[in-house]
Amino acid sequence: LKLVERSIFGSGIMVLDKERSRVLVIGGTGHIGKHIVAASARRGHSTSVLIRDVAPSDPAKMQLLKSFIDSGVALIKGDLFDHGSLVNAIKGVDVVVSAVGPRQLVEQSRIVMAIKEAGNVKVSLSACVFT
């Protein structure tokens with residue numbers, strides 16, 4: 001998520017302007033992921049979350065998904081283990097953030113392969129870098 005300098009009215013005054021991105025969070029309903037999703041949406045980025053089940057039986061997860069929808073976040077049905085759904089979700093974004101849980105960290109290669117196939121991602125981040 002890039003900062004761009006621009007001149008205002010030729011006055012030589014420089015300001016930082018945030019470029020808006022289309023962001024996909026994989027693992028967005030998890031402990032760290034839900035905060036990444038919320039922060040991305042608050043900053044005005046077009047934010048999507050890859051989710052396995054759009055109607056979970058867990059009331060807490062259902063409430064989380066409702067809060068995502070209320071804040072303008074798109075829910076995209078897909079799965080880390082379904083290459084086609086992963087590629088399709090990635091084709092619509094500029095930035096991919098992986099916030100998958102520790103048991104799935106070895107599966108990051110699946111995300112990388114899908115990013116390479118989609119061919120349109122500018123930035124790819126892994127939340128494990130921040131933990």
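This is a predicted model: local features need pLDDT of at least 70, side-chain atom pairs count only at pLDDT 80 or more; totals for chains, interfaces and linings use all residues.

User: What makes up the protein chain, and in which pattern?

Analyst: The protein chain has 4 helices and 7 strands. Along the sequence they follow the pattern β-β-β-α-β-α-β-α-β-α-β. Of its 131 residues, 35% count as buried. The chain exposes about 7,900 Å², and carbon and sulfur atoms supply 57% of this area.

User: Why is serine 40 called buried?

Analyst: Buried means under 20% relative accessible area. Serine 40 has a relative accessible area of 9%, and is therefore buried. Its place is in helix 1, which spans residues 33–42.

User: What makes the pairing of serine 40 with threonine 47 a polar contact?

Analyst: A polar contact requires a pair of N or O atoms within 3.5 Å, one able to donate a hydrogen and the other to accept it. The side chains of serine 40 and threonine 47 make such a contact at 2.7 Å. Leaving aside neighbours within four places in sequence, serine 40 is in contact with Val23, His45 and Thr47.

User: Why is the link between arginine 22 and aspartate 94 called a salt bridge?

Analyst: The term requires a side-chain nitrogen of Lys or Arg within 4 Å of a carboxyl oxygen of Asp or Glu. For arginine 22 and aspartate 94 the distance from N to O is 2.7 Å, so the pair is a salt bridge. Arginine 22 lies in strand 3 and aspartate 94 in the loop between helix 3 and strand 6, 72 residues apart, and the pair thus links distant parts of the chain.

User: Are these two partners, arginine 22 and aspartate 94, buried or exposed?

Analyst: Arginine 22 has a relative accessible area of 38%, so this residue is partly exposed. Aspartate 94, at 10%, is buried.

User: How many salt bridges does the structure hold?

Analyst: The structure holds 3 salt bridges. One of them joins lysine 66 and aspartate 70, whose closest N and O atoms are 2.9 Å apart. These two residues are 4 residues apart in helix 2, and are therefore separated by about one helical turn. Lysine 66 counts as partly exposed because its relative accessibility is 42%. Aspartate 70 reaches 56% and the cut-off for exposed is over 50%, so aspartate 70 counts as exposed. In another salt bridge, the side chains of glutamate 107 and arginine 110 meet at 2.6 Å, N to O. Arginine 110 counts as partly exposed, at 30% relative accessibility.

User: How do you know that the buried residues of helix 4 are on the same side?

Analyst: The buried residues in helix 4 are Gln108, Ile111, Ala114, Ile115 and Ala118. They cover an arc of only 120 degrees around the axis, and so they are on the same side of helix 4. Just after helix 4, glycine 119 takes a positive phi of about 75 degrees.

User: Which residues touch the most other members of the largest nonpolar core?

Analyst: The largest nonpolar core has 16 residues, of which Leu24, Ile26, Leu86, Ile90, Val96 and Ile111 touch the most other members. Strand 3, helix 3 and helix 4 each supply at least two residues of this core. A second, separate core has 13 residues, including Val23, Val37, Val49 and Ile51.

User: With which residues is leucine 86 in contact?

Analyst: Leaving aside neighbours within four places in sequence, leucine 86 is in contact with Ile26, Leu50, Asp79, Leu80, Arg110, Ile111 and Ala114.

Terms used: Residues are numbered from 1 along each chain as its sequence is written. Side-chain values use heavy atoms; hydrogens and water are left out. Buried means under 20% relative accessible area, exposed over 50%, partly exposed in between (1.4 Å probe, protein chains only). Contact means heavy atoms within 4.5 Å. A nonpolar core is a set of buried Ala, Val, Leu, Ile, Met, Phe, Trp, Tyr and Cys residues joined through side-chain atoms within 4.5 Å. Accessible areas come from the Shrake-Rupley method with a 1.4 Å probe; for residues, only the protein chains shown count as cover. The arc is that of the directions from the helix axis to the C-beta atoms.
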